[in-house]
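Here is a friendly briefing to read with the structure open beside you.

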Amino acid sequence: MNLRSAHFSPQRSTIVSHWYQLEVAVAAQQVNTHLEDGLTTEAANQRLLRDGPNELVTAEGKSPWQLLWEQFSAPLVIMLIVAAVVSWLVGAFRDAIAILAIVIFNATLGFRQERKAEQALAALKKLAVPTVRVRRNGQVQECSMTSVVRGDLVLLEAGNVVPADGRLVETVNLQVQEAALTGESAPVDKQATVVFEKEQPLGDRCNMVYHSTTITRGRGTFVVTETGMGTEIGHIARMLQSVEGEATPLQKRLAQLGKALGAGAIAISLVIAAMGLLQGEPLRQMLLTAVSVSVAAVPEGLPAVVTIALALGAERMLKRNALIRHLPAVETLGSVTTICSDKTGTLTENRMAVTVLDVAGQQIELSDDMAIGNRAMSLLLLSGALCNDASLDNNHAIGDPTETALVTAAAQMGLPKRKLDQLWPRIDEVPFDSERKRMTTCHRCQQPLPEALQQNWQQSVPADTHVVVFSKGALHSMMTTVDRVWTDNQIQVLTDELRQRIFLAHDRLANQGLRVLGLAFRPLSAQPDCLEEKLVFLGMMGLMDPARPEVKEAIGLCQTAGIQVVMITGDHPLTAQHIAQDLRISGDTLLTGQDLSLMPVEQLETAVTKTAVYARVTPEDKLRIVQALQRQGHIVAMTGDGVNDAPALKQADIGVAMGITGTDVAKEAADIVLQDDNFASIVAAVREGRVIYENIRKFIKYTSAGNVGQLWLLLLAPFLGMPIPLVPIQILWINLIADGLLALALSFEPAGRQVMEQPPHRPNESVFGRGMGVDILWIGVLLGIVLLLVANGYWRNDDPSWQTMVFTTLAFSRIALSEAVRSSDSLFQIGLLSNVKLLGAVLLTFGLQLMVIYVPVCQILFSTVALSGQQIAIAILLGTISFWAVELKKLLAR
């Protein structure tokens with residue numbers, strides 16, 4: 001459940017609990033709404049202004065003051081503050097001021113970036129609000145859940161999350177999962193017609209629905225009686241808040257790494273301090289040095305950088321239409337080895353259109369300028385329009401894409417759904433479900449019919465017809481309910497020969513890549529007890545949904561990146577095979593849901609590694625496929641849109657819900673919501689996940705290699721008889737410019753050329769894996785040797801600038817190293833301008849280092865002296881040695 005931040009209007013501070021004791025008309029009167037047309041847009045806007053948005057109060061994100069406090073309360077920062085206080089007490093005012101200045105600068109930098117990350121995450125949460133279908137001004141409209149107001153008429157169907165509390169107006173086989181509110185695990189049957197005389201407990205109010213519960217079956221309409229904090233769930237909202245955000249797995253691993261490095265750094269710093277004291281260095285100086293080394297050795301900005309990288313990465317993914325609901329998903333994306341994708345709307349364009357009608361063995365191409373030519377065609381279109389939950393107002397269709405295609409086709413032929421619903425009201429139905437793969441409705445016949453249908457209907461059915469059953473669904477399912485067939489403008493017994501002809505016609509359509517629906521009807525004099533029996537088969541509709549043009553390239557990119565693409569669909573195997581071939585989805589076999597049901601677990605685990613296309617599958621099959629792949633060691637991303645897809649979405653390592661066609665339940669279960677339902681957006685998100693992970697590794701590699709070199713210098717110099725080469729304030733300065741400005745800029749590194757040319761990394765992979773630990777050691781050793789040579793050479797010549805030379809060479813080394821570790825490609829290939837933020841940080845830190853050397857006030861603060869032009873040139877030359885060494889390694893690797 002998502003609890004939204006809100007400013008709650010206290011105008012209605014108590015819940016009216018008697019709604020379940022009122023007749024529907026009385027309840028509507030009390031909230032001043034119309035049961036047929038709903039509210040007007042003007043009235044809805046006024047109520048929204050009066051009562052506030054339909055949101056639940058929740059704990060806000062971290063306030064600016066909290067973020068600022070966290071910058072100063074980190075253990076390592078407290079160590080620095082203690083060092084500054086100690087310096088002040090012993091009279092080292094210059095050191096104290098300098099240390100505090102660095103602490104404040106570092107805190108400001110961290111605060112700014114973490115604040116930006118918090119704002120990015122808050123913006124993402126606002127985008128995750130579901131949309132709701134309401135009836136306003138007599139027409140069905142879609143609006144944000146936060147815009148629902150008291151008195152709205154809300155339409156519910158399976159998969160919806162109920163957006164507010166309300167009194168049910170109409171119910172058809174409606175079941176609601178109320179576990180979020182009552183704790184009852186079994187779905188509850190709802191009945192709008194029930195009125196209670198006595199008070200009832202919450203779980204027994206079968207004529208009410210409540211905010212944050214979910215529709216599991218059927219459909220209904222309710223009038224909103226309470227919104228936001230006025231709802232039942234609003235009373236317990238604070239108990240449902242999460243007080244503390246959970247760290248992601250990578251953040252936890254890196255926090256542990258930071259602690260280990262911190263312990264090691266403290267041990268090394270104590271050794272350095274002890275050696276300095278043995279050489280006669282002042283106690284105060286050695287204490288400050290020990291603290292400075294401890295801080296410098298640990299990349300204390302690492303957890304913050306991870307948070308920033310993940311949050312800003314999620315923001316970038318949103319620009320590619322992938323809305324991240326759970327931050328750890330950003331990490332996992334880089335490890336995905338298999339993407340299991342639905343066909344319709346994800347691999348295809350989701351522009352369903354009826355292109356072919358097959359009636360009595362005759363195929364008719366449907367076009368805009370056609371008129372209804374025969375009885376079978378008129379009955380087929382009528383069946384598709386009435387056995388349908390989509391709506392069509394002002395040529396704008398709302399509903400499932402398949403159903404909107406049927407409604408649109410009927411309207412083009414002069415059979416508008418809204419008029420048909422008025423003339424033939426629905427009196428009963430059996431909703432669609434994934435097991436039966438069909439939907440059936442029962443209608444009362446009224447006169448007159450639309451002109452396009454009147455004559456054909458009178459010639460088609462018995463005169464005493466008062467009720468008609470219509471049914472549509474997958475052909476194999478429909479054929480279990482029919483015993484007759486419409487052929488030659490009359491009803492005939494369904495023979496084996498006719499049944500075979502129907503299946504052959506179906507296969508011809510499926511081989512063309514069409515989604516095929518069978519349709520049937522049954523005219524009756526009275527409403528039957530069982531709707532789905534003794535039906536008359538009318539014919540089939542072929543719907544075209546072309547493959548998305550960009551998907552073929554995205555699938556090719558996945559195959560290059562070592563990611564297996566699997567297509568899972570409820571369509572016929574022939575339709576699935578046609579689309580798979582078109583998109584070049586490669587696999588040894590095609591399996592159906594029936595095949596899966598017959599397989600033992602061991603055989604399934606072997607089969608999933610060779611199968612790229614699954615047809616006629618159920619949501620339960622999806623769950624089995626995911627589990628089998630995971631047992632084989634795969635990291636699985638699974639797409640889904642229906643209520644029953646939720647278990648598979650939760651089981652998958654990355655659950656991906658459809659933003660356009662997906663149900664609210666599917667979106668709640670998912671880690672990512674695709675706002676355009678496009679497979680290419682999944683691949684773009686995977687690519688972004690890899691980039692983020694690699695950038696975090698670059699940060700670790702850069703800071704750790706530099707810190708290792710620095711530690712070698714400070715640890716070995718006393719063994720060579722030298723004083724400590726760097727004063728504490730210089731160590732802290734290097735820590736600021738390197739681990740702060742330069743390292744942070746590395747997190748903005750764009751995707752490298754090879755990011756999708758490598759296999760996925762293991763989710764439990766060490767951050768030092770794939771040779772990075774070795775790189776850190778040899779780069780650190782090389783840097784330490786260069787610095788020791790500089791220190792030894794200038795110190796033994798009694799040059800007063802020796803410490804400044806070491807300090808400046810180290811600064812220039814860290815600057816050059818930041819450009820070297822950017823990519824596995826040479827800097828001369830990717831260019832300096834490919835990361836403008838890093839280039840800006842390089843120029844800024846270079847300028848700041850010169851300022852520290854040449855500005856008199858800075859010379860006093862940082863214990864530096866002005867260097868000659870020759871010395872600066874030497875420092876730059878020696879500072880680039882690590883850069884050239886890394887570039888040479890890249891060349892040898894290539």
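## The chain at a glance

The chain holds 33 helices and 26 strands. Please keep in mind that this is a predicted model. Of the 894 residues in the chain, 56% are buried. Among contacts with a separation of 6 or more, 73% are between residues 24 or more positions apart.

**Nonpolar cores**

- In soluble globular proteins, nonpolar side chains tend to be buried together.
- Here, the largest nonpolar core has 127 residues, and I339, I585 and F679 have the most contacts inside it.
- Helix α25, which covers residues 679-716, gives the most to this core, with 16 residues.
- Another core lies apart from the largest one; it has 36 residues, including V359, L406, L423 and W424.
- To see the surroundings of I585, look for L347, I555, V565, M567, A580 and A612, which I585 touches when residues up to four places away in sequence are not counted.

**Salt bridges across the chain**

- Side chains of opposite charge can pair when their charged atoms come close.
- The count of salt bridges in this model comes to 31.
- One of them joins the side chains of K472 and E403, at 2.8 Å from N to O.
- This pair links distant parts of the chain, with K472 in strand β16 (residues 467-473) and E403 in helix α13 (residues 401-412), 69 residues apart.
- Are K472 and E403 buried or exposed? Both K472 and E403 are buried.
- The side chains of R436 and E532 also meet in a salt bridge, at 2.7 Å from N to O.
- Here the link runs between two loops: R436 sits between β14 (426-430) and β15 (438-444), E532 sits between β19 (515-524) and β20 (535-544), and the two are 96 residues apart.
- R436 and E532 are both buried.
- D775 and K701 form a further salt bridge, with their closest N and O atoms 3.2 Å apart.
- This pair, too, links distant parts of the chain: D775 belongs to helix α27 (residues 772-796) and K701 to helix α25, 74 residues apart.
- D775 counts as buried because its relative accessibility is 8%, and the cut-off for buried is under 20%.
- K701 has a relative accessible area of 18%, so K701 is buried as well.

- Helix α17 (residues 496-510) has 15 residues.
- From its first C-alpha to its last, α17 reaches 21 Å, close to the 21 Å expected at 1.5 Å a residue.
- Which residues of α17 are buried? They are L498, I502, A505, H506, L509 and A510.
- Seen down the axis of α17, these buried residues fall within an arc of 140°, so they line one face of the helix.
- On the other side of α17, D496, E497 and Q500 are exposed.

**D671, a buried residue in a loop**

- D671 is found in the loop between α24 (664-669) and β26 (672-674).
- With a relative accessible area of 15%, D671 is buried.
- A polar atom of the D671 side chain lies 2.8 Å from the backbone nitrogen of G655.
- Leaving aside residues up to four places away in sequence, D671 touches L323, I324, R325, H326, A329, D653, I654 and G655.
- D671 and L323 are 348 residues apart along the chain, while their C-alpha atoms are separated by 8.6 Å.

**Q871, a buried residue in a helix**

- Q871 has its place in helix α32 (residues 869-879).
- Why does Q871 count as buried? Its relative accessibility is 13%, and buried means under 20%.
- The side chain of Q871 reaches the backbone nitrogen of S868 at 2.9 Å.
- Q871 also touches Y794, D799, S801 and M805, with residues up to four places away in sequence not counted.

Notes
Residues are numbered from 1 along each chain as its sequence is written. This is a predicted model: local features need pLDDT of at least 70, side-chain atom pairs count only at pLDDT 80 or more; totals for chains, interfaces and linings use all residues. Side-chain values use heavy atoms; hydrogens and water are left out. A nonpolar core is a set of buried Ala, Val, Leu, Ile, Met, Phe, Trp, Tyr and Cys residues joined through side-chain atoms within 4.5 Å. Buried means under 20% relative accessible area, exposed over 50%, partly exposed in between (1.4 Å probe, protein chains only). Helices (H or I, at least four residues) and strands (E, at least two) are DSSP runs, numbered from the N terminus. Contact means heavy atoms within 4.5 Å. A polar contact is a pair of N or O atoms within 3.5 Å; within protein, one must be able to donate a hydrogen and the other to accept it, and residues adjacent in sequence count only if both atoms are side-chain atoms. A salt bridge is a side-chain nitrogen of Lys or Arg within 4 Å of a carboxyl oxygen of Asp or Glu. The expected span of a helix is 1.5 Å times one less than its number of residues. The arc is that of the directions from the helix axis to the C-beta atoms.
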